[in-house]
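Reader: I would like to learn how to read the place where two parts of a chain meet. Could you take me through it step by step?

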Amino acid sequence: MTAEALAEPVVPVRRSWMTWLFLANLGLWLAIYAPIQVLLPHQAELLDATAKEAVFGLVTGVGALVALVANPLIGLSSDRTTSRFGRRHPWTLAGASTGAVGLAVLSSASSVGVMVLGWCLVQAGLNGMLASLTSAVPDRVPVRQRAKVGGLVGVSQMLGTVLGAVVVTVLVSGLAQGYLACAALVVAGALAFVLITPDVRLPRADRPPLRWRELWVSPRLHPDFAWAWSAHFMINLGNAFGTLYLLYFLDDVVRHPSPEDGLLVLMLLYGVALAIGAFAVGARSDRTGRRKPYVLLAAGVMAAAALLLVAWPTWTAALIAAPLLGVGFGGYWAVALALLTQVLPAASDRAKDLGVVNIANSLPQVVAPLLTTFVLASLGGYRGLFAVSAAATLCAAALVIKVRSVA
């Protein structure tokens with residue numbers, strides 16, 4: 001008889017459970033993006049104004065490497081946890097606490113080395129929390145609800161980005177206070193989710209053996225997982241190409257009189273459209289039980305947004321492209337989590353395998369800046385960059401067609 005912790009869920013989750021998961025994810029993304037957007041760049045400038053870009057790049061680059069390792073590693077440990085508090089909740093709380101310690105270290109960092117240490121603690125802790133929260137979806141949510149829940153997770157990431165900037169620029173003042181506010185919010189979200197929602201215990205007799213060589217998933221043995229992972233990586237890479245350098249695009253190409261204000265307008269349009277796309281497509285996908293057609297539709301909409309800027313690199317085009325990209329990416333995120341959880345190789349390794357999936361979220365943030373320098377110099381500037389964004393997105397559509405086990 002299959003242990004409850006390893007069984008496929010059949011009982012629909014309630015709205016209250018979705019709400020607490022949403023709030024935990026919101027605190028997580030706020031604590032990641034507020035430092036990246038505002039606090040770390042400001043701190044790097046305070047420590048070394050002449051080399052602020054290099055300091056910021058060093059801190060975030062080392063932290064990204066930690067994230068790539070921490071996510072599947074902590075997921076692997078979570079899959080084998082037999083605590084009476086459950087498999088996931090101990091890691092959710094431990095991850096939030098470790099991240100909060102890292103943010104506290106950053107709040108008083110007086111050197112680049114301490115900054116690196118603090119941000120590595122943040123990335124290790126919060127990526128562990130991410131692995132456990134993401135695995136709660138296949139643990140608790142039936143397949144017929146997963147796109148709806150996936151849409152909520154996608155919206156939490158977008159909203160966390162926006163609220164993070166608001167918290168550390170409007171609601172609190174000062175670098176240290178900003179870091180400590182992020183620490184308090186991520187712990188509060190984790191505590192609420194852990195204390196209010198249930199987490200099934202894994203019996204010791206059903207604990208799978210620990211094999212470190214299984215940190216990766218064999219593409220030969222699990223081709224559908226490999227195709228879905230590759231598609232997820234490419235669509236995130238396309239989105240990174242399309243969004244990371246919008247500020248410079250507005251300044252250097254559009255010649256917007258106030259690029260920062262223009263970027264805020266585009267972010268608002270993008271965020272609202274993302275939420276609409278996530279909820280609409282998620283609900284529709286769950287009703288029909290189909291995933292791939294909606295991925296193809298979302299990829300087509302995202303590619304159209306990028307190609308619009310290739311053909312017409314103006315402020316008016318950007319106002320049209322931003323919500324197009326948002327609705328496409330939101331629709332994709334809703335269906336992506338459902339599709340990816342349906343191709344996981346084994347219930348006993350859900351968190352580890354989703355940790356591998358999360359690499360496809362974070363790796364494009366490392367790869368895109370490296371490739372962008374070459375693209376801007378060799379492929380026609382920003383027209384070439386948006387063309388590459390469209391190509392990456394369409395490549396994702398071609399890859400997801402290869403998935404056979406999901407309609």
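Author: Let us begin with a term: a salt bridge is a side-chain nitrogen of Lys or Arg within 4 Å of a carboxyl oxygen of Asp or Glu. Please keep in mind that this is a predicted model.

Reader: How many salt bridges are counted between domain 1 and domain 2?

Author: The chain is divided into domain 1, residues 1-201, and domain 2, residues 221-406. R350 forms a salt bridge with E8, and the closest N and O atoms of this pair are 4.0 Å apart. Between domain 1 and domain 2, the count of salt bridges is 3.

Reader: How much area do domain 1 and domain 2 bury between them?

Author: The C-alpha centres of the two domains lie 21 Å apart, and 38 residues of domain 1 are in contact with 31 residues of domain 2. In domain 1, the residues that lose the most area to domain 2 are L68, A147 and M158, which together make up 19% of what that side buries. Of the area buried between the two domains, 68% is on carbon and sulfur atoms, and the area itself is about 2,700 Å².

Reader: Which element gives the largest share of the side of domain 1 that touches domain 2?

Author: Across the interface of the two domains, 11 residue pairs are in polar contact. The elements that give two or more residues to the domain 1 side are α2 (52-79), α4 (112-140) and α5 (146-171). With 11 residues, the largest share comes from α5.

Reader: How far apart in sequence are the parts that the pair of F249 and F386 ties together?

Author: F249 and F386 form an edge-to-face aromatic pair, with 5.0 Å from centre to centre and 85° between the planes. F249 lies in helix α8 (residues 246-254) and F386 in helix α13 (residues 381-401), so the parts that this pair ties together are apart in sequence by 137 residues.

Technical notes. Residues are numbered from 1 along each chain as its sequence is written. This is a predicted model: local features need pLDDT of at least 70, side-chain atom pairs count only at pLDDT 80 or more; totals for chains, interfaces and linings use all residues. Side-chain values use heavy atoms; hydrogens and water are left out. Domain bounds come from an automatic or database domain assignment. Contact means heavy atoms within 4.5 Å. Buried area is the accessible area (1.4 Å probe) that two parts lose on being put together, summed over both. A polar contact is a pair of N or O atoms within 3.5 Å; within protein, one must be able to donate a hydrogen and the other to accept it, and residues adjacent in sequence count only if both atoms are side-chain atoms. Helices (H or I, at least four residues) and strands (E, at least two) are DSSP runs, numbered from the N terminus. Rings of Phe, Tyr and Trp (its six-membered ring) pair if their centres lie within 6.5 Å; planes under 30 degrees apart count as stacked, over 60 as edge-to-face and the rest as tilted.
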